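User: I'd like to learn how to read salt bridges in a model. Could you walk me through them?

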Amino acid sequence: MTDPDAPYHAHVYYDPAERSAAAALRDDFGRNSAILFVGAMADGAAGPHPIAQYEVHFLARSRDAVVAAIAATGLRALVHPLTDDDVADHTSLAQWIGEPVDLDLTVLDPPGGNQGIPRFGLSDFQASTGPSAPST
């Protein structure tokens, strides 16, 4: 994607031993004005993600910085654009940081039926919304 305003997600994964590092990174993202939304920590499976994770919303222009911040922690993550193909977003268009997680692709929208941005809310990706405050 070449559009610097294209919407992206990162899913940061953690196990119980990594939870404090994941929470610290989440807090850092919550203070970063380039981050549009930081989701709650889900300590179990959620959607296609079979293990604990949280998501971060940002624009393509911030992708390199987000990837670098995650990589510096040693945590695993899936970074992907939001397009009209939910499956491709989580597979062929995605970048893994660390060891990949086996996703449950059966819960994703089929190509052509993607809820994509409407599912998450276009307002998440409008710079005027600013970052969310991390919950505790």
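User: By about how many helical turns are arginine 31 and aspartate 28 separated in helix H1?

Analyst: Helices are DSSP runs of H or I with at least four residues, strands are E runs of at least two, and both are numbered from the N terminus. Here arginine 31 and aspartate 28 sit three residues apart in helix H1 (residues 19-31), so about one helical turn separates them. This is a predicted model, where local features need pLDDT of at least 70, side-chain atom pairs count only at pLDDT 80 or more, and totals for chains, interfaces and linings use all residues. Residues are numbered from 1 along each chain as its sequence is written, and side-chain values use heavy atoms, leaving out hydrogens and water.

User: What is the distance between the closest N and O atoms of arginine 31 and aspartate 28?

Analyst: A salt bridge puts a side-chain nitrogen of Lys or Arg within 4 Å of a carboxyl oxygen of Asp or Glu. For arginine 31 and aspartate 28, the closest N and O atoms are 2.5 Å apart.

User: Which parts does the pair of arginine 61 and aspartate 5 tie together?

Analyst: Their salt bridge has its closest N and O atoms 1.9 Å apart. Arginine 61 lies in the loop between strand E3 (53-59) and helix H2 (63-73), and aspartate 5 in the segment before strand E1 (7-13), so the pair ties together parts 56 residues apart in sequence.

User: Is arginine 61 buried or exposed?

Analyst: Buried means under 20% relative accessible area, exposed over 50%, and partly exposed in between (1.4 Å probe, protein chains only). Arginine 61 is exposed at 53%, whereas aspartate 5 is partly exposed at 41%.
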